[in-house]
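Hi,

Here is the structure I promised to pass on. Please open it alongside this email, and my notes follow below.

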Amino acid sequence: MNFDSQFLFFFSAIGVFNSTLLAIYFFFYAKPKHISNYFLGTLLTVLSIRIWKSIFYYFNRELSKIYLQIGLSACFLIGPSLFFYLKSILNPSSKKIDHSWKYHFLFLFIIILAIGYSYPYEDYPNLWRFYIVKVIYYQWFGYILASGFLLRKVIKKMFTKHNKLNSAEIWITSVYFGNLIIWIAYKTVSYTSYIVGALSFSFVFYLLLLILFFRKKKYAILFREPSKYADKKIEEAEAKRLFEVLEETMKSKKLYKNPNLKLPDLAKQIHIQTHLLSQFINDNLNKSFSLFVNEYRIHEAKILLSNKDKFTIESIGYECGFNSKSTFYSTFKKLTGMTPTQYKSAQS
């Protein structure tokens, strides 16, 4: 291997080598523990497998076909890893992340194993080169489009003069567009060079590291915006007292039935300052004020829906504090996973 080849190998491999180490970190050591860690670790792992395959094949055309098959098969998981990483990042406080990701990965694993076993690359190289590879890249691009849909508000914000992206938004858009760059590099490899994908990955990888470094956010940028109350936590004993007072007031006075209930109104009821209540709900309960109130409303709605034929579904929504039928339906489905009608039927 001459000097030029050594130089090229170094710069194409350095990114994927560090990416592999970083994947291990996110799987086993990253804190706080969050499902987004595992999705990011998976994304880095499958990208690394794909890139390692490209590098070794570029410098050794006699590479065993089994490695080519493994590298291409890993591409099946790049798209879904990106999609569910962004999905988990955009909802970091959710205690129960949508489990549909399990079905996606299980389905793709079955496809990978079935195709790999029935049509191994070594025996069907043309089938892989001309058909399966195309399916792989179209599938990957499909998830990129779906990920773009998840980020549509953030992307739109990028082009709005009066709105600036926060640290978390800069990070997730960088991950998204970095993935898109790598996809384009591989999709256009027939017009450039096979090693371009690996070089693009190294470029994107270190660009993301620079973003992390200059933003100086350590862990927070990977998961969510740092809490604005991080330096002035409410003491545990005081938080426990506030919770008991708040819960007792909400249940006894049924304040949630007021569709115009505001944070200052609730703070006045329990005789604390508005900013303290806001801090408690956001920081200690990890919820927005609207979610906090809507949970009480939905709990009340579930009780009323269990009373057969006593109320119409629409009247239940108004009774519980919702100011419109559509808001009631959308909130109920968001918090329970089913519509009020479906819930009522399940109670019958």
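Predicted model: local features only at pLDDT ≥ 70, side-chain atom pairs only at ≥ 80, totals over all residues.

**What I found**

Residues are numbered from 1 along each chain as its sequence is written, and side-chain values use heavy atoms, leaving out hydrogens and water.

Is Thr331 buried or exposed? Thr331 is buried, with a relative accessible area of 11%; buried means under 20%, exposed over 50%, and partly exposed in between, using a 1.4 Å probe and protein chains only. Its side chain reaches the backbone oxygen of Thr327 at 2.7 Å. Beyond the neighbours within four places in sequence, Thr331 is in contact with Asn294, Ile298 and Phe322 (contact means heavy atoms within 4.5 Å).

Next comes helix α17, residues 340–347, where Pro340, Tyr343 and Lys344 are buried. These residues sit on the same side of α17 because they cover an arc of only 100° around the axis, taken from the directions from the helix axis to the C-beta atoms. An α-helix has 3.6 residues a turn, so residues three or four places apart point the same way. The buried residues of α17 pack against α14 (289–306), α15 (313–319) and α16 (325–336).

Now the cores. A nonpolar core is a set of buried Ala, Val, Leu, Ile, Met, Phe, Trp, Tyr and Cys residues joined through side-chain atoms within 4.5 Å. The largest one has 48 residues, of which Tyr85 and Trp140 touch the most other members. Helices that each supply at least two residues of this core include α1 (3–28), α2 (35–59) and α6 (125–150), and α2 gives the largest share, 9 residues. Another core lies apart from it, with 21 residues, including Leu263, Ile270, Phe289 and Tyr296.

As for the whole chain, there are 17 helices and 0 strands, and buried residues make up 41% of the 348 residues. Searching the whole structure gives 0 disulfides (pairs of cysteine sulfur atoms within 2.5 Å). Both Cys75 and Cys320 are buried, each with a relative accessibility of 0%.

Best wishes

How values were computed: Helix = DSSP H or I, 4+ residues; strand = E, 2+ residues; numbered from the N terminus. Polar contact = N/O pair within 3.5 Å; in protein donor to acceptor, adjacent residues only side chain to side chain.
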